[in-house]
Amino acid sequence: MKTTLHEIRNQAGELLPQTALDTLKESFKGKLILDDDEHYDSARLVWNKMIDKKPAIITRCSGVADVIQAVNFARENKLQLAIRGGAHNVAGNAVGDNALVVDLSAMKSVWVDPKQKTAKVQGGATWQDVDHETQAFGLACPGGVVSDTGVAGLTLGGGLSWMRRKVGMSIDNLIGADIVLATGELVHASKSEHEDLFWAVRGGGGNFGVVTCFEFKLMDLGPKVFFTACMYPREDAEKVMRFWVEYTRTVPDEVTTDCIHWAIPDHPNFPEELHGKGVTVIAGMYSGAPEEGQKIMKPLREITKPVLDLSNIYPYVGVQQMFDPFLQKQTFYGYWKSIYLDDLSKEVQDIIISKANGLPAPETLLSIRNLQGAISDVPTDVTAFGDRSARFLLSIDTMWTDALDNEKNIEWTRNFFNEMQKYSKGKVYFNFNADLVGPSDMLKDSFGENYEKLVAIKTRYDPENFFRLNTNIKPMSHK
Ligand code: FAD
C-alpha cells in the first residue's frame, strides 16, 4: 500500500500536510487508497461510466472505528466528504474530485435473526449479500432488483423492490440504523432513539451521516417464487399497455409489476435472431405461493402473442439476479430521470410509446412501475419520503455506449422529463435521478409537506452541510 501524499489541497485551498495522513495511516485498519495505488481506478469508478471523478483519498473502512476516523479526518482537514455504498447511484455522488471517499465496500456483513425475523446489514452490503443470508431461513428483505445495488443508497432514498406493493418500500421495513454524524459521534436511530433522525433517513438520503448498519424486519418468502417476464413485440405496445394499466387496478398487493419498453440486448441469454428487437415487457413477481401467482398473473402472458415468455417459477435469488447481466457496472453512460404519475391515461401511454419508438440510444429503458398497495398505506408524515399516493412511477433510464453521445442523450431525457410534468404533481424518485435540473424545485416538490421538517433536522444534525455530496437538503445557515 502506497500512502505518500501528493499535492492535495483542501476546500480552503490549503496544502494537506503529509503528517496528517501519516497519523491517519497509523490508526486506520482498512485500506487508504491514493492516486498512485494500483487499485485507485477500480476504487474510484462507479456504475455510471459518465462519472470520472478523481478523489484525493479513498478510505476503504474495515469497520465503524475507521468510519469515525475518516469522518473526523475529512472535517478537521476541511476535505469534502463523499460516501460510497454500492456505487450504483447514477448521479455519481459516491465519489468527488479531490474529496475524501468513505468507502464502505469492505463492510458487507449481514446477520440474520431467524426467530425475530430481522437482519442487521452493514453499510457497504449489496442486495445479493442480503438475499444470500436471508434466504437461508426462507426470509427476504425488500431491496433492489439488480443484485449488486447497494443496500445503503437504495434504502436511504426509499427502495422499490418486487415486493413493494405487499410490504412497502425498503424504508418501511427499516427498524433502526447506526449513524456516524458529522461530529464523528456514533448514534443509533430508531422509533425510540433519535426518532427525528430515524424519520429523516427514511427517504432523506445520505444527508445526515454515514450509516454503518441498518436493521430491517424480514418477510417470509421463497425459496421459490413466480416471476413473469413476458416480452411482446413493440408493434403491440399500445394493446399491451392498455391491458396492463387496467390489470393493475384489480390485482391483490402480492402482485407487483412493471411495464418496460426495451430492446433485447445482444447477449447470449437471448436467441440471436431477437437481438435488437424492440419489445414491451411485462415483468413482475408474486409475493406469495408460486402456484397462486402463476394463476393470478396468467392474463399478463396472454395479452397478445409474445416474442419471448420467460415467466416461470424461479428461486427468489435467481429472480433477484435476472437483470444483472444486462446492467453491469461501467458498461453504460447513463442519465436518468424519473417522475410519479397519478394515472396513465391513453394520452400518456401514447406519449411513452412514441418515445420508446424514437429512442436516441437503444440501450435505454423506459420503465413504468406500478405502485400503491402497501406503499400508499403509509401516511406521508410517517417517513421523510414524501407523498406516496401515485399509482405509477415512470423512469427514463437513458443509457448509451459512446461518450460522444452524452449531450444529445441528456438533452433528449430532459425534454421528455419536462414534457411529462403536466401529468404529474412534480415529485421525482431521487434514486433514479441524475441531477436537480428541471422545470421546478424538485426538492420542495418531492418532499412536499415534509420538506421544512427535513431542513430543521438537517440543521440540527449537520448545520455546516458537511454531508452535501448527495441530493442535498441545505441546513438553514446555507439557504
Ligand atoms: P452509491 O452511489 O454508493 O450511493 C449513493 C448515495 O447514497 C451516496 O452518494 C450517499 O449520498 C448515499 N450513501 C451511500 N451509502 C451510504 C451510507 N452508508 N450512509 C449514508 N449515505 C450513504 N433503486 C430501487 O429503488 N430499486 C431498484 O430495483 C433499483 N435498481 C437499480 C439498478 C441499477 C442497475 C442501478 C444503477 C440503480 C438501481 N436503483 C434501484 C437505484 C438505486 O437505488 C440508487 O442508485 C442508489 O443510490 C444506489 O445505492 P448505492 O449504495 O449502490 O449507491
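**Exercise 1.** Which classes of residue make up the lining of the second largest pocket?

*Solution.* By class, eight nonpolar, three polar and six charged residues form the lining of the second largest pocket. The model is a predicted one. The volume of this pocket is about 260 Å³. It is lined by 17 residues, and those closest to its centre are R75, A182, D462, E464 and F466. Two or more lining residues come from each of the elements α3 (64-76) and α15 (451-461).

**Exercise 2.** Explain why the second largest pocket lies between domain 1 (5-103) and domain 2 (110-221).

*Solution.* Start with the domain assignment, which gives domain 1 (5-103), domain 2 (110-221) and domain 3 (224-441). Next, look at the lining: both domain 1 and domain 2 give residues to it, so the second largest pocket lies between these two domains.

**Exercise 3.** Decide whether N72 is buried or exposed, and find its contacts.

*Solution.* Locate the residue first: N72 is in helix α3. Its relative accessible area is 19%. Buried means under 20%, so N72 is buried. For the contacts, leave aside neighbours within four places in sequence; N72 then touches T183 and G184.

**Exercise 4.** Describe how domain 1 meets domain 3.

*Solution.* Taken over C-alpha atoms, the centres of domain 1 and domain 3 are 35 Å apart. The contact involves 13 residues of domain 1 and 18 residues of domain 3. Between the two domains about 1,300 Å² is buried, and carbon and sulfur atoms give 57% of this area. On the domain 1 side, W47, K49 and M50 lose the most area to domain 3, together 57% of what that side buries.

Methods. Residues are numbered from 1 along each chain as its sequence is written. This is a predicted model: local features need pLDDT of at least 70, side-chain atom pairs count only at pLDDT 80 or more; totals for chains, interfaces and linings use all residues. Side-chain values use heavy atoms; hydrogens and water are left out. On a 1 Å grid over the protein atoms alone, a cavity is a set of points where a 1.4 Å probe fits but cannot get out, and a pocket is an open set with protein on both sides within 12 Å along at least five of seven lines; lining residues have an atom within 4 Å of a point. Grid points are joined across faces, edges and corners, and a volume is the space filled by probe spheres set on the points. Helices (H or I, at least four residues) and strands (E, at least two) are DSSP runs, numbered from the N terminus. Ala, Val, Leu, Ile, Met, Phe, Trp, Tyr, Cys and Pro count as nonpolar, Asp, Glu, Lys and Arg as charged, and the others, Gly among them, as polar. Domain bounds come from an automatic or database domain assignment. Buried means under 20% relative accessible area, exposed over 50%, partly exposed in between (1.4 Å probe, protein chains only). Contact means heavy atoms within 4.5 Å. Buried area is the accessible area (1.4 Å probe) that two parts lose on being put together, summed over both.
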